[in-house]
Amino acid sequence: MRSAELSPAVELDTAPDLLLRLVSDVVLRDGWTMRLRPPESADAPALLDFFRSLSDQSLYTRFHGHPSVDAELGKPVLGPDWIERGALVGTKESKIVALASYVRLRDARTAEVAFAVADELQGRGIATRLLERLGSLATATGVEEFVADVLPGNAAMLRVFSEAGFESSRVLDEGTVEVRLALEPTTALVSRVDQRDHIGVAASLRPFFSPRTVAVIGASAHPGSIGGELFRNILRGEFSGIAYPVNRSGEPVAGVRSYTSVAAIGDAVDLAILCLPGVAVLDAAAETLSSGVRAICVISAGFAETGPDGRKRQDELLELVRASGARLLGPNCLGIAVAACRLNATFGPKSIPAGNVGFSSQSGALGLALLERAADHGLGLSAFVSVGNKADVSSNDLLEYWEDDPNTDVVLLYLESFGNPRKFRRAARRVARTKPIVAMKAGRTASGARAASSHTAALAGSEAAVDALFQQAGVLRVDTLEELLDVTGLLATQPLPRGNRVAILTNAGGLGILCADASETAGLSLAELSAASVDRLAELLPKEASVANPVDMLGSAVAATYGKALPVLLRDPGVDAVIVLFVPPVVAGADEVAAAIVRSVEEAAISEKPVLACVISADGTPAQLLSGAVAPFAYPESAARALGRAAGRAAWLRRPQGRVADLEGIDRSAARELVADTAERWLDPAETRQLLSAYGLPLVAERRVGSVAEAVAAAADLGYPVVLKTAQAGVHKTEQGGVALDLRAEDSVRAAADRIGAPLLVQQLVVGGVELLVGAVQDPVFGPLIALGPGGTLAELIGDAAFRMTPLSDVDANELVRTGKAGRLLAGFRGAPPAHLPAVVDLLLRLSQLAEDLPELAELDLNPVIAGPDGCIVVDARVRIAPPAHASTSKTW
C-alpha cells in the first residue's frame with residue numbers, strides 16, 4: 001500500500017489475506033512514513049517494551065492511573081477480532097512506537113477508544129493518523145461513534161480529537177472530558193485528511209527534488225554500465241550539490257573518488273540511486289537506509305514486473321524502506337531529473353530541457369521519447385520522474401508535491417494503471433484549479449473482460465471509468481504522444497482562451513479550410529469578426545483576399561503582411577484565440593514570417609489571448625517560434641485540437657465546484673439488512689423495490705401476484721391500462737418474452753398472465769415522456785460508476801451512456817442530464833416537451849448515495865426510467881448483489 005493513500009475500509013471476513021488488508025502505510029507531517037498494523041500474539045514482548053518505555057505521565061494519561069507494566073497489560077489488544085475490539089500499532093524500525101485500540105460498548109454502535117504514543121515521537125501527528133485508520137476499520141464493522149474519556153490536562157489528546165475532522169462533542173463528567181466522535185466520513189473529514197496527506201507527502205518527497213547530496217550505488221568505471229553512465233550524466237548536468245559514486249572496489253568513476261559503501265562517505269546523503277542487479281538490491285538498500293538515507297531510487301529491474309519471485313522481492317524492499325521511515329522511487333525505472341538543482345539522475349542520452357512542466361511517466365521508454373521531442377515543441381521541464389513499478393511513490397504523490405512547487409506550472413502524466421483512483425480524483429481536482437494536468441492513459445481500446453449481464457455493465461468498461469475520472473477531476477486526456485506534446489506546449493506557454501471563438505489567419509485557403517473543419521470538430525467556433533476588423537483588413541490586404549474568417553491573405557503575403565494583419569485579429573473583442581498558418585511560397589521564407597509573427601504578438605501586448613502558429617518549413621519548426629510568445633505546431637489540425645483542449649479547460653474552471661448533497665428520506669439500515677446476505681444473486685422484485693424505496697427513488701405502482709385471477713384483480717385495483725411482467729429475479733424481461741404492454745381489458749390480462757406464467761408483476765402503464773437507462777456498476781478498480789443514457793430495449797445498441805464516479809456532486813448530476821444523447825432527449829427532442837430535469841438529477845444523486853453506501857451492489861439497471869415534464873418514475877429495475885471486491889471498497893476516506 002502506498003504513501004499517504006489511506007488504506008480503504010475493508011470487508012472484515014475470514015479471507016486469507018485479511019491481515020495484509022489491515023496493514024497500511026501513512027506519511028506524517030514531517031515526511032516520515034509509518035506502518036500501521038494489527039498487533040498479533042507474537043508482538044507481546046514488543047508491546048511490553050513499548051509500555052515500559054513510556055514515561056509515568058504518558059502511562060497516567062493513557063490508563064488514568066499507574067498500572068502494573070507487565071504482560072497482562074497488553075493482552076486485551078493482541079489479536080483483535082475487529083468485532084468486539086480492534087487495535088493498531090505503529091512501528092518504526094520494527095519497534096512498536098504507538099498503539100490505538102477500541103472496545104465495543106453495550107450499544108454496539110459505539111466503541112471506547114484510547115491511544116498511546118512514544119514520548120519522543122509525540123507531536124508528529126501519529127495519534128491523528130491512527131485515529132483516521134482505526135475509525136475507518138471500525139466503521140466497516142458497524143461502529144458509528146467513538147467515545148473517549150480524556151483527562152482535562154491531556155491537552156494534546158483533546159487537540160487530536162478536535163482537529164482530526166470528525167464531528168465531535170465534549171462533556172465534562174466527574175473529572176474527565178467525555179469526547180464523542182461521529183465516524184461518518186463527512187466532506188469536512190475527507191478534506192482534513194487530504195490536507196494532512198498533502199503536507200506529509202510533499203515533505204517526504206523533498207529529498208528527491210532538492211537533494212544536496214546524491215550517492216549512486218553501483219556506479220562503475222566501465223563505460224556503458226547503467227550506474228556509470230547515470231553518474232556521468234549527473235556530472236555532465238552540473239548538479240548543484242555533491243555526487244558520490246559507490247562501488248564494491250572503490251574504483252574512481254569519471255575521475256571522482258569512489259566509496260565502498262554509503263556509510264564510508266561520512267557525510268549525510270539525501271538521495272541514493274541504486275543501479276545493481278535486482279538480487280543485490282535488498283542488501284544494498286538495507287545498508288543505505290541504516291546510514292540515514294530517506295529517499296531511494298531503484299533503477300534496477302527484476303521485481304514485480306518479472307513474476308511472483310520478483311513481487312516478493314519488491315514487497316521486501318518496500319518493507320525495508322517503510323521500517324526506516326523513507327520513500328522509494330521505482331523499482332524498474334529510468335530515474336529522476338530536476339531542473340532547479342540541475343540533477344540528471346537518469347541513464348537517458350540527454351539532459352532535460354529546463355522549463356515549467358512536471359512530467360511523470362510510468363513507462364521509461366515513453367519518457368525518453370517525449371524528452372527527445374520536447375525541445376522541438378519549445379517545451380521545457382521542471383522535473384522528469386520515472387515511477388516504474390510504483391511500489392511506493394506514485395502519480396498521486398507527485399501531484400501533491402507539484403501542487404505547491406513554484407517551478408511547476410503544468411503537470412504531465414503518462415499512466416498505465418491507478419493505485420487509488422478516488423484519491424487521484426480528489427488530488428487532481430484540487431491541483432487542476434491552479435495548474436493544468438494533461439494525461440495520456442495507455443490501453444484505451446481494452447475494455448473490461450468481465451461477463452456483463454446488465455445493460456449498465458455491458459456499456460461500462462475500464463475506459464468509461466477513466467474518462468469519468470478525468471472529466472470530474474478536470475484532467476485533459478490526450479490520445480497520442482504528439483497530442484500530449486501539443487497540448488502541454490500550448491498550456492505551458494499561452495494563456496487560456498476566454499471562450500471558444502477562434503480566428504484563423506492564413507496565406508493558403510486550403511490550410512484555412514482544414515483548420516476550420518478541425519476547429520469545429522474540437523468544439524471551437526469561428527469568430528465573427530467585427531466590422532472594424534473587416535474594414536481594417538480590407539485596407540491592409542489585396543482586394544482578392546478573403547477578410548471573412550478564415551482570413552486568407554493569399555500566397556502573396558509576406559512577413560510584413562502577417563505583422564500587420566495579426567494585431568487586427570488580436571484586438572477584435574469577438575476573438576478569443578488566433579491560429580496563424582503559413583506555407584512558404586516563392587515570395588516569403590519561413591524564418592522571416594515566424595519572426596514577424598512573434599514580433600507582432602510581442603508588440604501587440606495582448607496577454608489574455610493565446611496565439612498558435614503552424615509555419616510549415618522543410619527545415620522543421622523555425623527557431624523563432626520556440627521563444628514562448630506563440631505556441632508552435634506542425635499541422636493546422638494539431639493546433640485546432642490543442643486549442644479545443646485549452647478551451648475545454650477554461651470552461652471547466654468556470655463551472656462551480658459542486659457539492660455532494662445531503663439527501664433526506666434515506667433509510668440506510670433497511671437497505672443494509674437487504675444486502676446483509678452477500679452471496680452473489682439477483683434480488684427478486686420485492687427486494688429490489690424495498691431497496692430502491694429505502695433511498696427514496698420514485699417507483700411505479702405495482703402488485704406482485706401468483707395467479708391469473710390475482711393478476712385480474714390487481715389490474716382492476718390499479719386501473720387500466722396496465723403492464724404485466726414476469727417477477728423472476730434478474731431476467732431480461734423483453735428478451736424472455738416476459739412483458740405484455742398496454743393491456744386494457746380483463747381478457748387481455750388473462751391471456752398475458754397465462755402466457756408469461758406466475759409469479760407476475762402488475763403495473764400501471766406510464767405513457768409519455770422519454771425512456772432512460774439509469775444504472776450503477778461496481779468497477780473493480782474505480783469503485784461505483786453511475787450511468788445515464790437512452791433507455792428501453794435498444795439501450796445497448798444505441799449506446800452513448802455517460803458515466804461518472806461516485807459520489808456525484810450536484811454539478812456532476814446536472815452535467816449528466818445536459819450532455820450526450822440522453823441530454824438531447826431530456827431537452828425535448830423533435831418537438832417533444834422537455835423533461836423536468838431536477839427530478840432526474842435527484843434520482844441520480846440518490847442512486848449515487850446508494851452505490852456509495854453499499855459496496856455489495858454489483859450491478860443495477862433502472863431501465864426504463866420514464867422522464868417527462870412532471871418528473872420521472874422507475875418502471876423496471878434489476879439489482880445484482882455480490883461480496884464486495886477489495887478494490888471497490890477504496891471509496892472511504
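Trainee: Leaving aside its neighbours within four places in sequence, which residues is arginine 196 in contact with?

Mentor: Contact means heavy atoms within 4.5 Å, and, once the neighbours within four places in sequence are set aside, arginine 196 is in contact with Thr128, Arg129, Glu132, Glu163 and Ala164. Bear in mind that this is a predicted model, in which local features need pLDDT of at least 70 and side-chain atom pairs count only at pLDDT 80 or more, while totals for chains, interfaces and linings use all residues. Residues are numbered from 1 along each chain as its sequence is written, and side-chain values use heavy atoms, with hydrogens and water left out.

Trainee: Where is arginine 196 placed, and is arginine 196 buried or exposed?

Mentor: Helices (H or I, at least four residues) and strands (E, at least two) are DSSP runs, numbered from the N terminus, and arginine 196 has its place in helix H7. For accessibility, buried means under 20% relative accessible area, exposed over 50%, and partly exposed in between (1.4 Å probe, protein chains only); arginine 196, with a relative accessible area of 18%, is therefore buried. The C-alpha atom of arginine 196 is separated by 6.7 Å from that of arginine 29, although the two residues are 167 residues apart along the chain.

Trainee: At what angle do H7 and helix H12 pack?

Mentor: Axes are lines fitted to C-alpha atoms, for helices over the stretch in contact, and angles run from 0 to 180 degrees between N-to-C directions. Under 35 degrees counts as roughly parallel, over 145 as roughly antiparallel, 65 to 115 as roughly perpendicular, and the rest as oblique. H7 and helix H12 (residues 395-404) pack at about 85°, with their axes 8 Å apart, which means that H7 is roughly perpendicular to H12. On the side of H7 the contact is made by His198, Val201, Ala202, Leu205, Arg206 and Phe209, and on the side of H12 by Asp397, Leu398, Glu400, Tyr401, Trp402, Glu403 and Asp404. To sort these by class, count Ala, Val, Leu, Ile, Met, Phe, Trp, Tyr, Cys and Pro as nonpolar, Asp, Glu, Lys and Arg as charged, and the others, Gly among them, as polar; the contact of H7 with H12 then has seven nonpolar, one polar and five charged residues.

Trainee: Which residues of H7 and helix H13 meet?

Mentor: Helix H7 (residues 187-209) packs with helix H13 (residues 421-432) at an angle of about 80°, the axes being 12 Å apart, so H7 is roughly perpendicular to H13 as well. Val190, Asp194, Asp197 and His198 in H7 meet Lys423, Arg426 and Arg430 in H13, and by class this contact has one nonpolar, one polar and five charged residues.

Trainee: How many aromatic pairs does the structure hold?

Mentor: Rings of Phe, Tyr and Trp (its six-membered ring) pair if their centres lie within 6.5 Å, and planes under 30 degrees apart count as stacked, over 60 as edge-to-face and the rest as tilted; the structure holds 14 such pairs. In one of them, phenylalanine 115 and phenylalanine 161 have ring centres 6.0 Å apart and planes at 65°, so the pair is edge-to-face. Because phenylalanine 115 lies in strand E5 (residues 110-117) and phenylalanine 161 in helix H6 (residues 155-163), the pair ties together parts that are 46 residues apart in sequence, and both residues are buried. The rings of phenylalanine 359 and phenylalanine 384, with centres 5.4 Å apart and planes at 35°, form a tilted pair. This pair links distant parts of the chain, from strand E16 (residues 354-361) for phenylalanine 359 to strand E17 (residues 381-386) for phenylalanine 384, 25 residues apart.

Trainee: What sits over the ring of tryptophan 652?

Mentor: A charge sits over a ring if NZ of Lys or CZ of Arg is within 6 Å of the ring centre and within 35 degrees of the ring normal. Over the ring of tryptophan 652 sits the charged end of arginine 433, 4.2 Å from the ring centre, and over the face of tryptophan 32 lies lysine 92, at 5.2 Å from the ring centre.

Trainee: Which residues does a cis peptide bond with omega of about 0° join?

Mentor: Most residues other than glycine have a negative phi, and most peptide bonds are trans. Here a cis bond with omega of about 0° joins alanine 758 and proline 759, and proline 759 is found in the loop between helix H25 (746-756) and strand E31 (760-764). As for phi, alanine 605 has a positive value of about 55° although it is not a glycine, and at 62% relative accessibility alanine 605 counts as exposed.
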